[in-house]
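Please open the model in a viewer and keep the selection panel at hand. The stops below are arranged so that each selection leads to the next.

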Amino acid sequence: MFPLTTFGQQKNNFTYVPAQELLLVGKATIEGEYFHRVDTAKYCTMPPAVKKLFTNSAGLAISFTTNSPVIKAKWTVPDNYQLPNLTRLAQKGLDLYIKRDGKWQFAGVGMPGGVTTERVIVDNMGTEEKECLLYLPLYDELKSLEIGVSSDAHIHKGENPFKEKIVVYGSSILQGASASRPGMAYPAQLERATGFEFVNLGASGQCKMEQFFAHVAAACEADAFLFDSFSNPSAQQIEERLEPFVATIRAAHPTTPLIFLQTEVRESRNFNDKIRKFEDDKRAASEAGMQRLLKQDKNIYFLNPGMPLGDDHDATVDGVHPSDLGHGRILEVIRPQIVKILKKHDIR
C-alpha cells in the first residue's frame, strides 16, 4: 500500500493531502456535497434556512493515521461572520483527538483566522503511528480542507473508529451550541465515550418536527435514532406534529429504537414569567405526547430529564445554550441510559 503522501502537494517541507482522500466520519448519507451533512437537493420543501444549516459540518470528522511529529491543516470557510454565542473555534475551527492507550485524547486545535486559514494543530510529537480524528466546524460550511504532515512522514486513510450508527436529530444544542470547540458537543462526546457513531442532524432553531425533517431522518440508515425534538417547537406544534412525525419515521423503520430527550429547563426562564410559561407548556405537551406513544410502541423511549444542566444555574452561556459544563452534564446523565437501551436491542 502506497502512502497518500505520494499524491500530496509539497510545501515548505510539508505534504498536504485533501480531506477527500482520507475518511469522513459522521455523514448521514453519501450523496451531496462532501462536507454537507445532508444532500439538501433531494428535499424541495426544505426551507432555505434549514438547507444552509445542513451545509454546516457539525459532527463530521476526518479519520486518518500518520507517523508525522507535526500535524497541520489548511481550510477555507465562506466568510468571517461570527455568531455572538459561540467561540470562533467552535464555529469555524478544527479539533484534533489522538488515540492513546485505547482512549481518545485531546491533541490540539486549528484556531481559525480569516476565510482561509493555515495552522499547526500539534507539534513536537514522536514518530510513532498515531490514530487521529479531526472534528470539523460546528456552525460553518467547509469549502476545502487539507491535512499537512512532515514531508518525510506518511498519512493514510483511517478506518471508522465507531460502530453502528445512531442518527441524532434536534436543535442548536445538539448541533453544538455553545460548546467551546467541536469535539465538546455532547453528540461528539457520546461517540468517543460509547464507541457508537452519532450522526449529528442538529438544525439550530429550526427543529420543529416538520414532515421534511421526518423524511430526512427516515431516509437515513440507522441502528437507532436519538431526538432532541422538543427544544424548538411550541406546545401547540408538539401536540400537532409529534405523532405524524413518528409515523413517517416508523413507515421506513418499523422497529428501530427511537429515543426522545425531554428538553432542558432553560435558565432564561428564571426571572422571565413569559418564557417560564412557554417552556412549562412545552414540556407538559412533550410529556403528554410521549406518554401516548409509549403505550403504543415498545421500541420508543423517553429520557426525562433528557438534557439536565444541574441546579446551580451555571451551565449555560446565554441562558439557553450549554457551556462545556452543560454539555458534560447532559452526557453524564444520558450516556448510561442510551447504552442500556442499545444493549436491549442487541446494539453493542
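Predicted model: local features only at pLDDT ≥ 70, side-chain atom pairs only at ≥ 80, totals over all residues.

Residues are numbered from 1 along each chain as its sequence is written, and side-chain values use heavy atoms, with hydrogens and water left out.

**Stop 1: α5 and α6**

Select residues 211-218, helix α5, together with residues 235-252, helix α6. Helices (H or I, at least four residues) and strands (E, at least two) are DSSP runs, numbered from the N terminus. The axes of α5 and α6 lie 9 Å apart, at an angle of about 25°. Axes here are lines fitted to C-alpha atoms, for helices over the stretch in contact, and angles run from 0 to 180 degrees between N-to-C directions. The two helices α5 and α6 are therefore roughly parallel; angles under 35 degrees count as roughly parallel, over 145 as roughly antiparallel, 65 to 115 as roughly perpendicular and the rest as oblique.

The crossing of α5 and α6 is right-handed. A crossing is right-handed if the near helix is turned clockwise from the far one by less than a right angle, and left-handed if anticlockwise.

Now show side chains. From α5, Gln211, Phe213, Ala214, His215, Ala217 and Ala218 meet Pro244, Phe245, Thr248, Ile249 and Ala252 of α6, where contact means heavy atoms within 4.5 Å. By class, the contact of α5 with α6 holds 8 nonpolar, 3 polar and no charged residues. Ala, Val, Leu, Ile, Met, Phe, Trp, Tyr, Cys and Pro count as nonpolar, Asp, Glu, Lys and Arg as charged, and the others, Gly among them, as polar.

**Stop 2: α6 and α7**

The crossing of α6 and α7 is right-handed.

On the α6 side, select Ala235, Ile238, Glu239, Leu242, Glu243 and Val246. Their partners in α7 are Asp281, Lys282, Ala285, Ser286, Gly289, Met290, Arg292, Leu293 and Gln296. The contact of α6 with α7 divides into 7 nonpolar, 3 polar and 5 charged residues.

**Stop 3: α4 and α8**

Next, select α4 (186-194) and α8 (324-344). The axes of α4 and α8 are 10 Å apart, and the packing angle is about 45°; α4 is thus oblique to α8. The crossing of α4 and α8 is right-handed. Tyr186, Gln189, Leu190, Ala193 and Thr194 of α4 make the contact with His327, Gly328, Ile330, Leu331, Ile334, Arg335, Ile338 and Val339 of α8. Its residues comprise 8 nonpolar, 4 polar and 1 charged.

**Stop 4: Ile347**

Move to the segment after α8 and centre on Ile347. Is Ile347 buried or exposed? Ile347 is buried, with a relative accessible area of 7%; buried means under 20% relative accessible area, exposed over 50%, and partly exposed in between (1.4 Å probe, protein chains only). Not counting residues up to four places away in sequence, Ile347 touches Glu164, Phe196, Asp223, Ala224, Pro257 and Leu342. Between Ile347 and Thr194 the C-alpha separation is 11 Å, although they are 153 residues apart in sequence.

**Stop 5: backbone geometry**

Glu164 belongs to strand β12 (residues 163-170). Glu164 is not a glycine, yet its phi is positive, about 55°. Glu164 is partly exposed, at 33% relative accessible area. Asp101, in the loop between β6 (94-100) and β7 (103-110), also is not a glycine and has a positive phi of about 55°. Asp101 counts as exposed, at 78% relative accessibility.

Where are the cis peptide bonds? One joins Ala177 and Ser178, with omega about -5°; Ser178 sits in the loop between α3 (172-175) and α4. Another joins Asn304 and Pro305, with omega about 10°; Pro305 lies in the loop between β16 (300-303) and α8.

**Stop 6: cysteines**

Finally, select the cysteines. The structure holds 0 disulfides, a disulfide being a pair of cysteine sulfur atoms within 2.5 Å. For Cys44, the nearest cysteine sulfur is that of Cys220, 17 Å away; Cys44 is exposed, at 73% relative accessible area. For Cys207, the nearest cysteine sulfur is also that of Cys220, 14 Å away; Cys207 is buried, at 0%.
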